[in-house]
Amino acid sequence: MTEILIQNADTVLTMDDERRVLHGADVLIRGGVIAAVGQGLQTSGGVVSGRGCVVTPGLVNTHHHLYQNLTRAVPGGQDALLFGWLQTLYPIWSRFGPDEMFISAQLGLAELALSGCTLSSDHLYLYPNGARLEDTIHAARDIGVRFHPTRGAMSIGESDGGLPPDSLVEDERAILDDMIRVVDAFHDPEEGAMCRVGLAPCSPFSVSRELMRDAALLARDKGVMLHTHLAENDEDIAYSEANFGCRPGQYAEELGWTGDDVWHAHCVKLDAQEIDLFARTRTGVAHCPCSNCRLGSGIAPVRAMRDAGVPVGLGVDGSASNDMASLSSEARQAMMLQRVANGADAMSAYEALEIATRGGADVLGRPDCGRLEPGKRADIAIWDTKGVASSGSWDAAALLLAGPAQVKHLFVEGRQIIRSGELTTLDLPRLIERHGKLAHKLMEG
């Protein structure tokens, strides 16, 4: 059985139940699992030096739209609010097909890996021109990251009062049939799974009440998780009150969309009652601070959520509403926004990193990830703190205050997919070139 020893790291941030911080410590990987964490460990296998480095669990991304990597910084949507931004981009996305989905997912996951991410979810809710969920699943296998894709959907088009063009919506019976297909074909419920599938109608304003309820029933029958957008901005709240006669949290509860098998993206506008509901039911939240800033949605009440016991993870959100996919930068932004809203002592660098690792793993139902302790999966990020970004820092482990934004080494299931800052699994320059050609073709119309 293959062994790798990460030896003599300056600091190991375990994120275990005791939140131990170890100095001059080693991490032993055996067969894709963490075998031991401590000092003076030995191996007959390979050795990776941890000198001058901080070792953390791999970061976990709980919300993304990978296909959007081809529509970053689109001029017509750069300064728009959420609904106007969507209406600008829908016609462009309608020209996508399998190649666009596959190449976008590869590039987006490579970018995430370079920022320390080992486990990412994805919310794919449109399927034009023959695109299918497995286009992204195959991309994740190529990059080598652990993946939690969700079969999203939109069923209410413009002719029925919805936002998306009719060409991007699907028949609800066909949606449910394809949800069953992808779960049966690709979902792995076992510990250590490299791919799990969730069900994810896009939002309460793009599908019917019946589809929300049916998807929840199907997910419970199949034993998979549920995901959607919720309470993202003031427009979202106004739509819910006008069309459903209640706030988004109440709507979710009525349709079976609360529980520890559910996580909602954004939740910027949850009120105190909704926070209490999510805490009582252990309903998770994917906090997407950069996207929320980019679209002017507001600052999510993460401090109040955490204090109440709501499970919170981080998400970079789609690359058309963030324009970047750096999970380490997302963690820093989360910390800074809570300080803006609640004071400089509202969130430490260590707590923000915990949200980005253990917190995200728990939101995705993956207690086998997000921690460095024996028996957990060997998803490990190694950060070089000898460079300019950490120079002068008195606390190198406070990575989000003064530290590198990209990893030196990254392991997923014990396999090294980033070595000395370079992707090992694909030719990244060639991928960037292919991606650029597709983007140029879309710009030409």
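Pro204, Phe205, Leu230, Ala231, Asp236, Tyr239, Ser240, Phe244 and Pro248 line the second largest cavity. A cavity here is a set of points, on a 1 Å grid over the protein atoms alone, where a 1.4 Å probe fits but cannot get out; lining residues have an atom within 4 Å of a point. This cavity holds about 40 Å³ of space. Grid points are joined across faces, edges and corners, and a volume is the space filled by probe spheres set on the points. Helix H6 (residues 234–244) gives the most to this lining, with 4 residues. Helices are DSSP runs of H or I of at least four residues, strands are runs of E of at least two, and both are numbered from the N terminus. By class, the lining has 7 nonpolar residues, 1 polar and 1 charged. Nonpolar covers Ala, Val, Leu, Ile, Met, Phe, Trp, Tyr, Cys and Pro; charged covers Asp, Glu, Lys and Arg; the others, Gly among them, are polar.

The model is predicted: local features need pLDDT of at least 70, side-chain atom pairs count only at pLDDT 80 or more, and totals for chains, interfaces and linings use all residues. Residues are numbered from 1 along each chain as its sequence is written, and side-chain values use heavy atoms, with hydrogens and water left out.

The count comes to 2 cavities of 30 Å³ or more. The lining of the largest cavity splits into 8 nonpolar, 7 polar and 2 charged residues.

Helix H6 also holds Asp234. This residue is exposed, at 54% relative accessible area. Exposed means over 50%, buried means under 20%, and partly exposed lies in between (1.4 Å probe, protein chains only). Asp234 and Lys269 are 35 residues apart along the chain, and their C-alpha atoms are separated by 7.2 Å.

Now the core. In soluble globular proteins, nonpolar side chains tend to be buried together. The largest nonpolar core has 119 residues, and Trp85, Leu86, Trp93 and Trp257 have the most contacts inside it. Such a core is a set of buried Ala, Val, Leu, Ile, Met, Phe, Trp, Tyr and Cys residues joined through side-chain atoms within 4.5 Å. Helix H2 (residues 98–114) contributes the largest share of this core, 9 residues. Apart from it lies another core of 18 residues, including Leu22, Val37, Val48 and Ala378.

Take Trp93 in detail. Leaving out residues up to four places away in sequence, Trp93 touches Tyr67, Gln68, Thr71, Trp85, Leu86, Tyr125, Leu126, Pro128 and Ala320. Contact means heavy atoms within 4.5 Å.

Helix H11 (residues 327–342) has 16 residues, so at 1.5 Å a residue it should span 22 Å; its end C-alpha atoms are 22 Å apart, which agrees. The expected span is 1.5 Å times one less than the number of residues. Buried residues in H11 are Leu327, Ser328, Glu330, Ala331, Ala334, Met335, Leu337 and Gln338. Just after H11, Gly343 takes a positive phi of about 110 degrees.

Arg19 has a value of about 55 degrees. Arg19 sits in the loop between strand S1 (3–13) and strand S2 (21–30), and is partly exposed at 33% relative accessible area. His266 has a positive phi near 85 degrees. His266 belongs to strand S11 (residues 262–266) and is buried, at 1% relative accessibility.

Two further loops complete the tour. Ser390 lies between strand S14 (380–384) and strand S15 (409–412). Ser390 counts as buried at 6% relative accessibility. Beyond four places in sequence, Ser390 touches Asp384, Thr385, Ala402, Gly403 and Pro404.

Leu426 is in the loop between strand S17 (422–423) and helix H13 (428–444). At 26% relative accessibility, Leu426 is partly exposed. Its contacts, not counting residues up to four places away, are Gln106, Asp142, Ile143 and Leu431. Leu426 and Ala153 are 273 residues apart in sequence and 30 Å apart in space, C-alpha to C-alpha.

Key: On a 1 Å grid over the protein atoms alone, a cavity is a set of points where a 1.4 Å probe fits but cannot get out, and a pocket is an open set with protein on both sides within 12 Å along at least five of seven lines; lining residues have an atom within 4 Å of a point.
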